[in-house]
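Subject: Structure handover

Hello,

Here is the structure I said I would pass on. My notes on what was found in it follow below.

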Amino acid sequence: MQIGSVPDDLHRALTACAKGDKNALRAIFDREAGRLIAVAERIVKRRELAEEVVQESFVRIWTHAHQYRADQGSARGWIYAIVRNRALNLLRDSRRELPVEDVETLRDGAQADEVMAAWQKLDRNSRLYECLGGLEEAKRQGILMAYVAGYSHGEIAGRLRIPLGTTKSWIRRGLSALRECMG
């Protein structure tokens, strides 16, 4: 589907998307992606995050195109509102997390004090202290962050700036090693 310069073309493209026409989504992307990235970048202040926002927005456009109503506003306004809202959500969500460069930096933060204090308060002669001490630093930190501070896997990944899958693997392997050590 080709989109010309007439605003109604975006309306037709959204209608086609709602019917499952992938070419219509591609046409919207080809026409608007550059400007949408610029809008998102003005909000999130980083190009790679803006690209992520636009990618997520196009997924939402594809899955929610059936919700667009021409009588409630222009197609362009609907598309740009999705991008703007996604960018604002990203900013709001990132303010909830304290990103850190690595595990060592985590020790310096106020939230890290709680995690480290819990480990340090353990009886040094206890089996748990010994087993936790035998884990790699990253696995120990992940377990302590999850079970002492109550962080979700996603929050831990954000704070340690590592992929979510890596976080889950570290915690899973660390718990397995703890079970084996404690058993």
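C17 is buried, with a relative accessible area of 2%. Buried here means under 20% relative accessible area, exposed means over 50%, and partly exposed covers what lies in between, with a 1.4 Å probe and protein chains only.

Before the rest, a note on the source. This is a predicted model, in which local features need pLDDT of at least 70 and side-chain atom pairs count only at pLDDT 80 or more, while totals for chains, interfaces and linings use all residues. Residues are numbered from 1 along each chain as its sequence is written, and side-chain values use heavy atoms, with hydrogens and water left out.

Overall make-up

The protein chain has 10 helices and 0 strands, and along the sequence its pattern reads α-α-α-α-α-α-α-α-α-α. Helices (H or I, at least four residues) and strands (E, at least two) are DSSP runs, numbered from the N terminus. The chain has 183 residues, of which 38% count as buried. Of the contacts (heavy atoms within 4.5 Å) between residues at least 6 apart in sequence, 60% join residues at least 24 apart.

Nonpolar cores

A nonpolar core is a set of buried Ala, Val, Leu, Ile, Met, Phe, Trp, Tyr and Cys residues joined through side-chain atoms within 4.5 Å. The largest one has 28 residues, and L14, I28 and I79 have the most contacts inside it. Helices α1 (7–18), α2, α3 and α4 each supply at least two residues of this core, and its largest share, 9 residues, comes from α2. Another core lies apart from it and has 13 residues, including L135, Y151, I156 and I171.

Disulfide

Which cysteines are joined by a disulfide? C131 is joined to C181, with an S to S distance of 2.0 Å. The rule asks for a pair of cysteine sulfur atoms within 2.5 Å, and by it the count is 1 disulfide. The torsion about the S-S bond of C131 and C181 is about -80 degrees, so the disulfide is left-handed. C131 sits in helix α7 (residues 127–133) and C181 in helix α10 (residues 164–182), so that distant parts of the chain, 50 residues apart, are linked. C131 is buried at 3% relative accessible area, whereas C181 is partly exposed at 24%.

Salt bridges

The structure holds 11 salt bridges, each being a side-chain nitrogen of Lys or Arg within 4 Å of a carboxyl oxygen of Asp or Glu. E32 takes part in a bridge with R35, where the closest N and O atoms are 3.3 Å apart. These two are 3 residues apart in helix α2, which means about one helical turn separates them. E32 is buried, with a relative accessible area of 0%, while R35 is partly exposed at 46%. E32 also meets R76 in a salt bridge, at 2.7 Å from N to O. R76 lies in helix α4 (residues 75–95) and E32 in helix α2, so this pair ties together parts that are 44 residues apart in sequence. R76 is partly exposed, at 31% relative accessibility.

A further bridge runs between E41 and R47, with the closest N and O atoms 3.7 Å apart. E41 is partly exposed at 28%, and R47 is partly exposed at 43%. Salt bridges that share partners join R31, E32, R35 and R76 into one network.

Aromatic pairs

Rings of Phe, Tyr and Trp (its six-membered ring) pair if their centres lie within 6.5 Å; planes under 30 degrees apart count as stacked, over 60 as edge-to-face and the rest as tilted. By this rule there are 2 aromatic pairs. The rings of F29 and F58 have centres 5.2 Å apart and planes at 70 degrees, so this pair is edge-to-face. F29 belongs to helix α2 (residues 22–44) and F58 to helix α3 (residues 47–64), and the pair links distant parts of the chain, 29 residues apart. F29 is partly exposed at 34%, but F58 is buried at 7%.

A loop residue

K45 is in the loop between α2 and α3. K45 has a positive phi of about 70 degrees although it is not a glycine, and at 65% relative accessibility K45 counts as exposed.

Regards
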